[in-house]
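Hello,

Here is the structure we spoke about. My notes follow below it.

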Amino acid sequence: MTQAHTTAVQRVVADAHRREWAFVLAATVRVARDLDLAEECVQDAYLVALDAWAREGVPRNPGAWLTTAAKRKALDALRREQLFRSKLPLLVEPDVTEVDDLSDDAVQDDRLRLIFTCCHPALAREAQIALTLRLVCGVSTGDIARAFLVSEATMAARMTRAKKKISAARIAYRVPTASELPDRLEAVLNVIHLLYTTGHTAPSGDRLVRVDLVERALDLTRMLRALMPDEPEVRGLLALLLVTDARRSTRTDADGRLVLLEEQNRSAWDRAAIEEGHLLVVEALRSGRPGRFTLQAAIAALHATAPSYAETDWPQVLTLYDELLRVWPSPVVALNRAVALAMVRGPAVALGEIEELERDGRLAGYRYLPATKADLLRRLGRHHEAARAYRAALDLTDNGAERTFLEDRLAEADAG
Amino acid sequence: MPQYAILIYERETPNGVADLPPEVLEAHMRVPERVEELGGKILNAHATQPTSTATTIRGDVITDGPFIESKEAMAGFFVVEARDLDHAVAIGRLVPIVSGGVEVRPLLAG
């Protein structure tokens, strides 16, 4: 066998890992009725594939081949351990009659069961994220640990604890019923969005963006969109990620320094992604009262399609923020709304809103609050106060690119 | 079917149950019937006397009062059979709470 041949097979297997992992694992869980066992069997199946495909050629449907192999391993393991396993609580699955009851649900893909189980609200948010990356995306525990800046042992313990809870508390391996769906879907969308924002501005380190996390979040949203094509908020989230991510290459300069929206090179934005996102927003807006992600996407799309920062339709941005604040009353939204308010009614009015948010206290420790305040003060020519706010923002910022930006602005304010 | 303990935590008031608003008391009375409607089964249920009547043992030392001092104290519990955690949580939501909350805890399979 030639080296080139082996490399080609490795590439096909790696590709199948990225594309088919969730499908293969989700189907195997049905047989194994245990997440750990299923994971082991799927891992094994990919290993066997490396060898088998090199010898016998790549099967026409790699996903189906891998699923069959992994399921067979699970069945063998179950037979071997039958006595032992009968004493362990198995993953709860709706029995046959209930499956019939559920069949009117549009969605019965096993991958959805897997996603909804990983993002069950009875699990801690950080465990939801870790399980989703490991079980749905197939990312290794070590890579997840590195992405979230904890040791591999800590991450492994976090996942073991969550899997134990799924088994001991009997979190069912199923798609939520129609009445549960809105809350449960929101939990899934929140997990994906958090994954994206963690990658979009890495909590620390020198690089602003962690491309791996950003792309996993996009893959997950596309998968969810394919599985739940009629959910407007899934469309909204996909639009939001596409339009935001279209600006990725322009958010830092060649030296990795932060470039603000105002100064980004708009001609370098990914027009195809913006267009796709824009169409999704239009569709999502058409299907009734828009939710949180649709509104955020609509705002992002207005920015992405504006010829320049100054020529952005700020009154419309402000209107959308008002609506967003209504469906999602979060102080972070109020802070972002203040930025739009500054563009429509001037920095002095916006500063009043910022001071109110400071008194409110919920954003204490949130670095973008003093950073926004500093910028408004700077524009009002109040350099001394601006410098103080920049210092407060620096105290809260660990990302290298963001720190450099704030330090430069602080130096200007001190000089001013 | 798996079993869960539903632990009820409430802010303690001087006269205990007698201080509960009548509509809350009535809602408590209706819980068993509503659990049944949901397809769950209560195996046993108990309300406890106030924590001022509790006695705590730590090692050799016996003290007056509950094991954990907090504003909200365990006021009662019941054990249910439920299909899965979602079902048990739906049952837990039926418990009327004035100021406190409910903990759903799976029991070790016997």
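In UniProt, an unreviewed entry annotates residues 115-166 of chain A as "domain: RNA polymerase sigma factor 70 region 4 type". UniProt positions follow the numbering used here, feature names are shortened, and annotations may be inferred rather than shown by experiment. This stretch of chain A is 73% helix and 0% strand, with its end C-alpha atoms 13 Å apart. Helices (H or I, at least four residues) and strands (E, at least two) are DSSP runs, numbered from the N terminus.

This is a predicted model: local features need pLDDT of at least 70, side-chain atom pairs count only at pLDDT 80 or more, and totals for chains, interfaces and linings use all residues. Residues are numbered from 1 along each chain as its sequence is written, chains are lettered from A and ligands numbered from 1 in the order written, and side-chain values use heavy atoms, without hydrogens and water.

Now helix 2 of chain B, residues 85-92. Six of its eight residues are buried, so the rest of the structure largely encloses it. Buried means under 20% relative accessible area (1.4 Å probe, protein chains only). The buried residues are B:L85, B:D86, B:H87, B:A88, B:I91 and B:G92. They pack against helix 10 (181-200) of chain A, and against strand 1, helix 1, strand 5 and strand 6 (100-106) of chain B. Contact here means heavy atoms within 4.5 Å. B:D84 caps the N-terminal end of helix 2 of chain B, with a side-chain oxygen 3.0 Å from the backbone nitrogen of B:D86.

Best wishes

Key
Buried < 20%, exposed > 50% of the residue type's maximum accessible area, 1.4 Å probe, protein only. Polar contact = N/O pair within 3.5 Å; in protein donor to acceptor, adjacent residues only side chain to side chain.
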